[in-house]
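Hello,

Here is the structure I promised to pass on to you. Have a look at it first, and then read my notes below.

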Amino acid sequence: MLLLLVKNKLLSVYNNLFRSSQRMARGKILGYAFLLVVPGFIYTNTRHIFSLWRVMPAGGERFIWHFLSLSLLGIFVFLTVGSVTIGLHYFFLSKDLPNLLKLPMRFSTLFTFKFLETSIANSAVFLMLGGPLVIAAGVALHAPVVYYVIGFCASVVFLFIPTGLAFALSVAVIRFLPPKRARSIATLLMGLLSVSLWIGFQFLKLDQLEPIQPDFNPAALDRLQTAAGSHLLTWVPSQWLTTILYGLANNHYEMLLHGVLLVLLCLALWLLGNSFYSWAWRNDFIAASAFSSPLLFKEKNRSSRRKRLFTLRAFVPFRALLQKEKYMIFRDPRQFTQLAFYLAIMIVFPFLLHRDESGARLFGEFFPFAEVILLGSVIACSLAARSVPMEGRVFHLTLISPQKPRCHLLAKTAFAFTVTFLLFTVSMLVLAMRYDLSLRQILQTFLAGIFSFAAAAVIGLYLGVFFAKFDWDNPKRMLHGIGNALTLVAPVVFWAGGAAFLFIGFYSGFYGFAFLLYALYSAGVIIVGTILAERKLSSLEWTC
């Protein structure tokens, strides 16, 4: 029965990828291909650093294993925390649970299937971050073929362990909280961890670890060795995986015994999880909270707020639509966490920039830190694109209201623009404190930001309507095919065209003319994008 469930799951993924329309299938394949950019970048850079460490005197190879050990430790912690959110969804809140529970199969079979499903869903982080590191270490050390074969099998077993630990933790949590409420809290904690790790990585100077760089600091390698030499790491599964890889690369096959520890721990967690899942079934925790409130905190005194919202809808409908956009963001912890991540990016990003004091760059004098505007444009495009599928399958009911569809689209554009502009203002305050910017430069930057964010929001709105997936169950899959990739590429393309107009005006000395051209360019994108989005929205076929 387990093989049948896995087969049906694989067929469902295959049909979703290849048996859909040719345009949708091509878009999905390109979207997955775009995801290879990140692991490719990590592999290229780490292989270069590992190769330099390998030829260092006095056993530089050990730094490779220290770096790999600490990296796998961070990935293990991240996977464990992330598995709590994913496990709560697949084990307790998945939409297919009512149908699976009716099938004539053992309860352990259902648990094993959900265990595999959760592990596969949680493996993306390891494939994008850990996989390139393991391969880069093998290539730099000229490891034999057995390194990759057995290393792959050991990595698969390693991925099951965070799922087992997270499931045991999630069962302990739902003993006191409903699964939906627990998932909301776990999402917030995961978001905070993601933001903290991202901020930490931004201030991590890898140049100090690269021997050929001018900023190379041997003391940084000593700190790396000290951190990786802790005896506590010998009890962590990530260290067991590192030891297995070390033994395979150096022909010390006796170290493969650590693989027995991985298998035994995985088996113990599976048995423990199976008994916990049976207990959850007997106590009616599985799919029992389908109608529980998804809000993280219960709202009080809602009668007066409903009355106020009714007044807003009656007299100021556009403002009511903006209120609706705000509630859709803040009622879902996953969307709110994404918004907090954007805020962290806009605060940290100015510290990563280096201003060109020579004045050689034309934009450096008149239009400083164009990268911040480009980043804000990407955020505006992403917010507007996600706001369309966020409506869910009931969007067609919203569209039959007295307001025209264009009014709904403009409200989404205005909300995405307002949020991005507020984030951009915070970023500009940080820049103003760090650098001596003139009033003219600040005004020019704000003016260009207003044009850019409005146009990028409309571009994202069109992408959201065109690639919307209204039956999404994960914020990462709110857009079909290459929709997510286009939300990153399209603002860059728009900004490249606008930068050409600004450059022409700045070079000729007509600064007002440059901004006029940019304003007309942005206005054209806004008008055309809104019209196309409205037409596409009107042509959608809704099925209940």
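Predicted model: local features only at pLDDT ≥ 70, side-chain atom pairs only at ≥ 80, totals over all residues.

Next, the charged pairs. How many salt bridges does the structure hold? There are four, and I will take you through three of them, starting with the two that involve lysine 412.

Lysine 412 meets glutamate 325 through their side chains in a salt bridge, at 2.8 Å from N to O. Lysine 412 sits in helix α19 (residues 405-434) and glutamate 325 in helix α14 (residues 317-330), so this pair ties together parts of the chain that are 87 residues apart in sequence. The side chain of lysine 412 also forms a salt bridge with that of glutamate 391, with 2.7 Å between N and O. Through shared partners, the salt bridges join Glu325, Glu391 and Lys412 into one network.

Glutamate 325 counts as buried at 3%, and glutamate 391 counts as buried at 8%. The cut-off behind these calls is a relative accessible area under 20%.

The next salt bridge is within a helix. Lysine 114 pairs with glutamate 117, and their closest N and O atoms are 3.2 Å apart. Both residues belong to helix α6 (residues 107-121), where they are three residues apart, or about one turn of the helix. Lysine 114 is buried, at 0% relative accessible area, and glutamate 117 is buried too, at 8%.

While you are looking at α17, find serine 387, which is placed in that helix. Serine 387 counts as buried, at 5% relative accessibility.

Now to the surface. Ile527, Val528, Ile531 and Leu532 form a nonpolar patch there, and together they have about 320 Å² of accessible area. One of them, isoleucine 531, is placed in helix α22 (residues 511-539). Isoleucine 531 is partly exposed, with a relative accessible area of 32%.

Finally, two backbone points in loops. Histidine 142 has a positive phi of about 55° although it is not a glycine. You will find histidine 142 in the loop between α7 and α8 (145-174), where it is exposed, with a relative accessible area of 60%. Asparagine 251, also not a glycine, has a positive phi of about 60°. Asparagine 251 lies in the loop between α11 (237-249) and α12 (258-282), and it is partly exposed, with a relative accessible area of 49%.

Technical notes
Residues numbered from 1 in each chain as written. Heavy atoms only, no water. Patch = residues over 30% accessible without salt bridge, like charges linked within 9 Å, V, L, I, M, F, W, Y side chains within 5 Å. Areas by Shrake-Rupley, 256 points an atom, 1.4 Å probe, with all protein chains shown as cover. Helix = DSSP H or I, 4+ residues; strand = E, 2+ residues; numbered from the N terminus. Buried < 20%, exposed > 50% of the residue type's maximum accessible area, 1.4 Å probe, protein only.
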